[in-house]
Number of protein chains: 2
Amino acid sequence: MPEASRMEQNTFTPIETIGRKALISKIASRFERHGEGLVFGIGDDAAVLDTNRQGHPLLSSEIYSEGVDFDLTYTPLQHLGFKTVSMAISDICAMNGTPEFILINLSLTNKISVEMVELFYDGVKRACDQYGVQLAGGDLAAAQSAMSVSVMVYGSAKQTVYRSGANAGDAICITGDLGGASCGLMILLREKLHFDSSEETVLDPDLTPFEYVVRRQLVPEARVDCIKSFETAEIVPTSMSDITKGLSTTLNEMMVASGTGCKIFEAALPVSPDTRHAADELEKDIDTFLLYGGEDAELIFTLPEEDVKKFSDLFKDFVVVGKVEAKSHGIKMQTAEGHLMTLT
Amino acid sequence: MPEASRMEQNTFTPIETIGRKALISKIASRFERHGEGLVFGIGDDAAVLDTNRQGHPLLSSEIYSEGVDFDLTYTPLQHLGFKTVSMAISDICAMNGTPEFILINLSLTNKISVEMVELFYDGVKRACDQYGVQLAGGDLAAAQSAMSVSVMVYGSAKQTVYRSGANAGDAICITGDLGGASCGLMILLREKLHFDSSEETVLDPDLTPFEYVVRRQLVPEARVDCIKSFETAEIVPTSMSDITKGLSTTLNEMMVASGTGCKIFEAALPVSPDTRHAADELEKDIDTFLLYGGEDAELIFTLPEEDVKKFSDLFKDFVVVGKVEAKSHGIKMQTAEGHLMTLT
């Protein structure tokens, strides 16, 4: 039976009916065992990479817990697969690296069917194809009451960029736009709350007006495109991080690590009209999402002024939001009204 | 206050009182940020390794779920830290690799205190020191109701050994002894059952007679020593795996991957007198533990006959348990009584 129609019938095959070994085979069959740089993937005690690799190997890992970091009532499994890969890959981008291989550890409750695991790996596969990475391994375990997803990424960087290299005078740049992911989460939580207090049996709200922010929450995309453009333009940012912890926290981490201060401009912060609309709908201050909202898989980086023009000729999806200053200046934002506030 | 006396007072500091960031700082302070081959460890978006590394990079990861893979009522946190690192490293050994770096993802319930997390990392640190590996990163998340531990390992191998290289005529060798870990688990479960049905308030049984098997369950050691001896002896096994899934399953995986059969001898299987004693005490057949018991972090490997003598001159802690045969022979064990049984 084709995948789609089988899913339509909401088939629920408990994992115990096929067993762990068969489930691993099902997963492995979607991914190549051998690939570029990969001598041997899923199927032995460890994955084996090519010898004599170029650049600095980079390692990073992230964990997502059900009921804390994601909620299966409004998170389709294929989106969860895509998102967890994106977020892990975002950390490699943040070091100016190219992601190459991922490993995924899942712990699964008995609420999770074989079909749901397959949907999860559909999302993982889509992310792998989009980012040019390969699934090289992982582990499966049973979980008592909540699912967890751990993603480990291996990447490499010709020129590693840390949070710590910003210099006074550098421009502070941000890709894409901010606040969407956290705003999308609030929309989803509002719908869930509404559903919980209603008589409806299926959570299926009309989210069309909020499509953008919900997509930012559920299927964020890592900025591999920006890193590729740095390489093409032969530009190396002086410092960089991703903004998954929120702008204010991230900016503080970078400036403290760099031993600098900064001044950014509220009016310059990139925001989508869709996010603004959703914030209005929620009757929330847009700045809360822009400064403190997490999970935006965007990059923040610092560039010497002369590189900004050069880079913008090649890569369009970023804006300058302010400037690195001496440490004594503090970590400040000039509000739209002209006041200086300290970001903490 | 010194660590020991603070623990004696059973201080319980909820993680929320110090926060995630401070907890990560506490963990990071126990580990070096820079080390052999490690340009930058904990503290940026990803760990950065040296360029121009030798050999094949190896990647592996494992997950442990509370209530399924471990039980905190009888598993001290420091042992859990040590064990999860050992088991992950065992997978790198199984490829003839040297473990170098680990990343650990934890999801923590509110039952877990700051002190418990510190104990966990005491165990991790002890394992790192013992095996010569470095903690290079990881992630922390909250968990609703059960803790999980994911360990990712990076290692490297000059000559990778797969499960698939066994040749008819090769000797089948096993390090250490078998069945101890699973037997230890049954002892612990028996004590827990006894405790649950008693009026006692603290689980503190006298496990002295079962010290060996309990240690095999709680603090298994990866056979890095065997891999080092292979290198010194300039011997490369034709195939290898670790026996954490139990002998019968592992042997089947190796023989199927190699396209061979085998014959092993029940009487040759390595077993400690302590394990035999514990099995007797449990009124269980020792063979069940030897063939199907999991979690023994021992290695099984195949060697051409001429290498067996050469290797045994250097490394003592292994025995020959049988021989690789043609595929048509099947995967067989000759029992102590002289019968041939198929292992499945």
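Strands here are DSSP E runs of at least two residues, helices are H or I runs of at least four, both numbered from the N terminus, and two strands pair if DSSP finds at least two bridges between them.

A word on the ground rules: this is a predicted model, where local features need pLDDT of at least 70 and side-chain atom pairs count only at pLDDT 80 or more, while totals for chains, interfaces and linings use all residues. Residues are numbered from 1 along each chain as its sequence is written, with chains lettered from A and ligands numbered from 1 in the order in which they are written.

Next, show the whole open sheet: 6 strands, ordered β1(A)-β2(A)-β3(B)-β6(B)-β4(B)-β5(B), with mixed pairing. Its edge strands are β1 (38–40) of chain A and β5 (134–142) of chain B. Inside chain B, pick β4 (98–108) and β6 (148–157), antiparallel over 9 bridges; Asn105(B) has Ser150(B) as its bridge partner in β6(B).

Now colour the contact between the chains: 52 residues from chain A and 52 from chain B, with contact meaning C-beta atoms, placed from the backbone, within 7 Å. On the chain A side, β3(A) gives the most, with 10 residues.

Last stop: helices α5 (180–196) and α6 (211–218) of chain A, whose axes come within 7 Å and cross at roughly 105°. Axes are lines fitted to C-alpha atoms over the stretch in contact, with angles from 0 to 180 degrees between N-to-C directions. Therefore α5(A) and α6(A) are roughly perpendicular (65 to 115 degrees).

How values were computed. Parallel < 35°, antiparallel > 145°, perpendicular 65-115°, else oblique. Contact = placed C-beta atoms within 7 Å.
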